[in-house]
Amino acid sequence: MQRKSKKHGDSDMTFRNIRKVPTILRNPAGKNDTEEGVTMSRIMMKTPLVEMDGDEMTRIIWKMIKDDLLLPYIDLKTEYYDLGLVKRDETDDRITIEAAEATKKYGVAVKCATITPNAARVREYNLKAMYKSPNGTIRAALDGTVFRAPILVKGIDPYVRTWKKPIIMARHAYGDVYKNVEYRVEGPGTAELVFTDTDGKETRQVIHQFKGPGVLQGLHNLDASIEGFARSCFAYALDQKMDLWFSTKDTISKIYDGNFKEIFEKIYENEYKEKFEAAGLEFFYTLIDDAVARVMRSEGGFLWALKNYDGDVMSDMMATSFGSLAMMTSVLVSPTGIYEYEAAHGTVQRHYYKHLKGETTSTNSVATIFAWTGALRKRGELDGISELMDFADKLEEATLETIESGKMTGDLALITNIENVEKLDTEGFILAIRETLDKKLGV
Ligand SMILES: NC(=O)c1ccc[n+]([C@@H]2O[C@H](COP(=O)([O-])OP(=O)(O)OC[C@H]3O[C@@H](n4cnc5c(N)ncnc54)[C@H](O)[C@@H]3O)[C@@H](O)[C@H]2O)c1
């Protein structure tokens, strides 16, 4: 059957994957010409992607990527949710919940960066409330783990010379110091850890006999949350065909960190060992300090799972070491295998205000492009559409080859060792990728 245009939420399954349609040709000056008679194959989709639009400069990039790099090649089917702050305010943030529910239904989503409102944003957008972070809401709904992966490109070398392949970071996003209870001890006294069960039975342990002032902190975590984290990590390592490393400090924290270690080992033995062995992959547990030393000496190419605080610290080190926040993707994976792809950076507010003033911007769209390719590839894999997976590969290759040829945005021009770089503006860079892509596709 022939489809006239993209329909959001259309789940018709009775069509071929490829059909002939007029292609939209975009000339280097940025004008659109629809050339009737010039045809190319657009890739058909079966199940819609959940598309979550966002804010500021990334919202501008989002549209450019769709118009220039996706719609000419794909009969893009998405179920569209506008998570821009204006719409979130209009719907009292219900739109975010609806987007999360749709993600559960369809299994794959792609998300644009969004503003997490603070007091300044409440004033700026005249908001009814200081809404929660959309990422936090979606993560809670999917019980997911966030995996961050650097995008490696020749000419932008990681600060750590040995790193040749990406290191994917997985951070447990529940509990520990982020849900702590703290206490300032003003003078001598006894601090105790007391647990009262539902029958009223108390268990007490002395933490410390204070002889003078000091501080106290209470932490907790939940087996269910750690189990979900472990399953997401094992599933994503299999998905990426990468070894999984996990590290804690269980020699010092025998019960708390020991519990993390035991849960990972139990789930591995019972649910994933055979799959890992069949895929030739390894699950490797070591102490956090040993892991840090090994990571620094490694070539990369593995997934590193970390507790909440360790992941917080290490993922920023990793992002910096690999060059730029704009070259880092992020995917939220639920224990049941639901995927939500996004860029790891924010809405690039400073560039947006320049854009509003009519000034030229040079915003890096690579991570947002890779969010789309990640989602399209996964959709292709789940629906058995190899053309969609090939297209995602080609678009990623075209993006990297464009940079390697010396055409890039300002942030990369500052850190590359490629000579005679051509610094492009936001849309110029996307159009340069389009040119490389067309050559690869023989269009
Ligand atoms: N996942 C998300 O949706 C997400 C994540 C972080 C921040 N935010 C939101 O983004 C807004 C801006 O936050 P921020 O300024 O702290 O973070 P940001 O990531 O937008 O910017 C941080 C710095 O990195 C630079 N940068 C980031 N991405 C870039 C790109 N693609 N190209 C060129 N330079 C880039 C910026 O110019 C800035 O100097 C805030 O409202 C925040 O709530 C959203």
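How do the residues of the shell around the ligand divide into nonpolar, polar and charged? In this predicted model, the shell comprises five nonpolar, nine polar and three charged residues. The ligand is surrounded by 17 residues. The closest are Thr116, Ala326, His345, Gly346 and Asn364.

The strands were examined next. Ten strands form an open sheet with mixed pairing. Their order is E5-E3-E6-E17-E16-E7-E8-E15-E13-E14. Strand E5 (78-82) and strand E14 (283-287) are the edge strands, and each pairs on one side only. On average, neighbouring strands of this sheet are turned by 20 degrees against each other, direction ignored. Strand E13 (residues 243-248) pairs with strand E15 (residues 302-306) in the parallel sense, over five bridges. Trp245 stands opposite Trp304 in E15.

Helices pack on this sheet. Helix H5 (residues 134-142) touches strand E7 (145-150), strand E16 (328-333) and strand E17 (339-343). The direction of H5 makes about 40 degrees with that of E16. Helix H6 (residues 223-240) lies across E7, strand E8 (167-171), E13, E15 and E16. H6 runs at about 170 degrees to E15.

Two packed helices are described by the angle between their axes and the distance between the axes. Helix H1 (residues 56-70) packs with helix H14 (residues 426-441) at an angle of about 25 degrees, and their axes are 10 Å apart. H1 is therefore roughly parallel to H14, as the angle falls under 35 degrees. The crossing of H1 and H14 is right-handed. H1 contributes Ile61, Met64, Ile65, Asp68 and Leu69 to the contact. H14 contributes Thr426, Glu427, Ile430, Leu431, Ile433, Arg434 and Leu437. By class, this contact of H1 with H14 has eight nonpolar, one polar and three charged residues.

Helix H11 (residues 366-383) and helix H12 (residues 386-404) have axes that come within 7 Å and cross at roughly 160 degrees. H11 is therefore roughly antiparallel to H12, the angle being over 145 degrees. The crossing of H11 and H12 is left-handed. On H11, the contact is made by Val366, Ile369, Phe370, Thr373, Leu376, Arg377, Arg379, Gly380 and Glu381. On H12, the contact is made by Ser386, Leu388, Met389, Phe391, Ala392, Leu395, Glu396 and Thr399. The contact of H11 with H12 has nine nonpolar, four polar and four charged residues.

H12 also packs with H14. The angle is about 125 degrees and the axes are 8 Å apart. H12 and H14 are therefore oblique to each other. The crossing of H12 and H14 is right-handed. From H12, the contact draws on Lys394, Leu395, Glu397, Ala398, Thr399, Glu401 and Thr402. From H14, the contact draws on Ala432, Ile433, Thr436, Leu437, Lys440 and Leu441. The residues of the contact of H12 with H14 divide into six nonpolar, three polar and four charged.

Leu395 of H12 takes part in the contact with H11 and in the contact with H14.

Methods. Residues numbered from 1 in each chain as written. Predicted model: local features only at pLDDT ≥ 70, side-chain atom pairs only at ≥ 80, totals over all residues. Near = placed C-beta within 6 Å. Nonpolar A, V, L, I, M, F, W, Y, C, P; charged D, E, K, R; others polar. Axes fitted to C-alpha atoms, helices over the stretch in contact; angles between N-to-C directions. Helix = DSSP H or I, 4+ residues; strand = E, 2+ residues; numbered from the N terminus. Parallel < 35°, antiparallel > 145°, perpendicular 65-115°, else oblique. Left-handed = near helix turned anticlockwise from the far one by under 90°. Contact = placed C-beta atoms within 7 Å. Pairing = 2+ DSSP bridges.
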